[in-house]
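Let's take a walk through a protein together.

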Amino acid sequence: MTRIAVLLSRYSGRGALIAISMLSVPSLAQEKLPNKPLLPPGELGAWVRLGEEIVEKTTEHPLSKPFLGNDLNCTSCHLQNGRHPSAGSFLGTATAYPAWAPREQTVVTLEDRVLNCFMRSCNGVRPPLGSKVSIAIQSYITWLSQGESMRMNPQRPVGPRAVSLLAAKPDSGSLERGRALYAQRCADCHGADGKGDTDNPPVWGERSYNDGAGLAKVENLGAWLKVAMPLDDATLTEKEAIDIAVFVNSHERPRFELSAHLPPAAETGVYNGEKP
Ligand code: HEC
Ligand code: HEC
């Protein structure tokens, strides 16, 4: 199957339908029905669609490609273009911002949050504030919060459906058990060498997320794996998820240095943060 066929078939999958019906977010098919103007009309609706396209095809889209440094699309982690109810969900996300960000030691906007994922998870360069790519993605993510109540997050910059950390602690994980489990549950798709292929993204190495990304922390990766992987069969126990996270994150990946990911100040506008 081509990548697009895989994505389309996932849209019609059960997970996507549950996510969609929970929040009355339309499926692509429903959007086409007459008398159901679910996208905002006119230009705004077009920007929402453009944002979803970029989230899905980040590595290929001409507006996002110049800012990327690896082979991951936003949807590689924000499953089903962020419509998945728990695996990197964008449903309700916009209601949490502006939010306090302990890492940056400041209050960040939804725009900052979007742009920061380019630098870390996508190992790329932060696009300029107010750029087309930034506004399109924000329009799409905000649309996925239509009708939900605002509740700005005073603790961390994540929305109401953010992945919760597991009770199993990261230092309880076993590299050896993780290695065996990876071979059984993950290697078919992501490869024994972690490099993936055209349909499956790399999970370590030069083309994967860098060591400043959220998933580079074992506790975050374990929590995300628990709800996200194996794809369409997320049945790992907490212990297994932590073991596998220890194994995956024991490999080399690009190093993160903030200065290397910020364009010259005149091009980026303000970087809303102090610390790397
Ligand atoms: C390597 C995986 C990965 C990739 C690729 C990635 N992100 Fe993220 N992103 C995360 C994780 C992990 C979080 C924390 C979310 C959580 O705890 O549920 C996050 C958080 C976010 C948030 C805040 C979500 C919230 O609940 O408030 C936004 C917005 C976001 N990412 C946008 C993007 C965009 C846009 C892209 C593509 C340009 C992208 N991300 C690519 C892993 C990734
Ligand atoms: C059936 C194939 C399949 C299996 C099995 C699978 N994955 Fe994935 N995985 C994917 C696909 C495809 C994506 C990207 C999601 C998308 O684009 O919709 C992904 C995304 C990821 C990501 C985030 C993006 C990245 O590359 O860093 C990680 C991490 C990951 N998988 C780890 C695992 C681990 C660990 C296992 C085993 C527990 C596993 N996967 C099992 C297909 C699979």
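Start by finding I244, which touches G178, L181, Y182, C186, L225 and L236, leaving out residues up to four places away in sequence. Touching here means a contact, that is, heavy atoms within 4.5 Å. A quick word on what you're looking at: this is a predicted model, where local features need pLDDT of at least 70 and side-chain atom pairs count only at pLDDT 80 or more, while totals for chains, interfaces and linings use all residues. Residues are numbered from 1 along each chain as its sequence is written, chains are lettered from A and ligands numbered from 1 in the order in which they are written, and side-chain values use heavy atoms, with hydrogens and water left out.

Back to I244: along with Y182, Y209, L221, W224, L225 and V248, I244 touches the most other members of the largest nonpolar core, which has 29 residues. A nonpolar core is a set of buried Ala, Val, Leu, Ile, Met, Phe, Trp, Tyr and Cys residues joined through side-chain atoms within 4.5 Å. Buried means under 20% relative accessible area, exposed means over 50%, and partly exposed is in between (1.4 Å probe, protein chains only). Helix α11 gives this core its largest share, 7 residues. There's also a second, separate core of 27 residues, with A94, A136, I137 and I141 among them.

Now for the metals. Which protein atoms hold on to the iron atom of ligand 2 as donors? They are NE2 of H190 and SD of M229, 2.0 to 2.3 Å from the iron. Donors are N, O and S atoms within 2.8 Å of the metal (3.2 Å for Na, K and Ca); water is not among the atoms, so sites may look incomplete. H190 sits in helix α9 (residues 187-190) and M229 in the loop between α10 (218-228) and α11 (238-248), 39 residues apart. Both H190 and M229 are buried.

The iron atom of ligand 1 has H78 (NE2) and C117 (SG) as its protein donors, 2.1 to 2.4 Å away. C117 counts as partly exposed because its relative accessibility is 25%.

Finally, zoom out. The protein has 13 helices and 2 strands, where helices (H or I, at least four residues) and strands (E, at least two) are DSSP runs numbered from the N terminus. Of its 276 residues, 49% count as buried.
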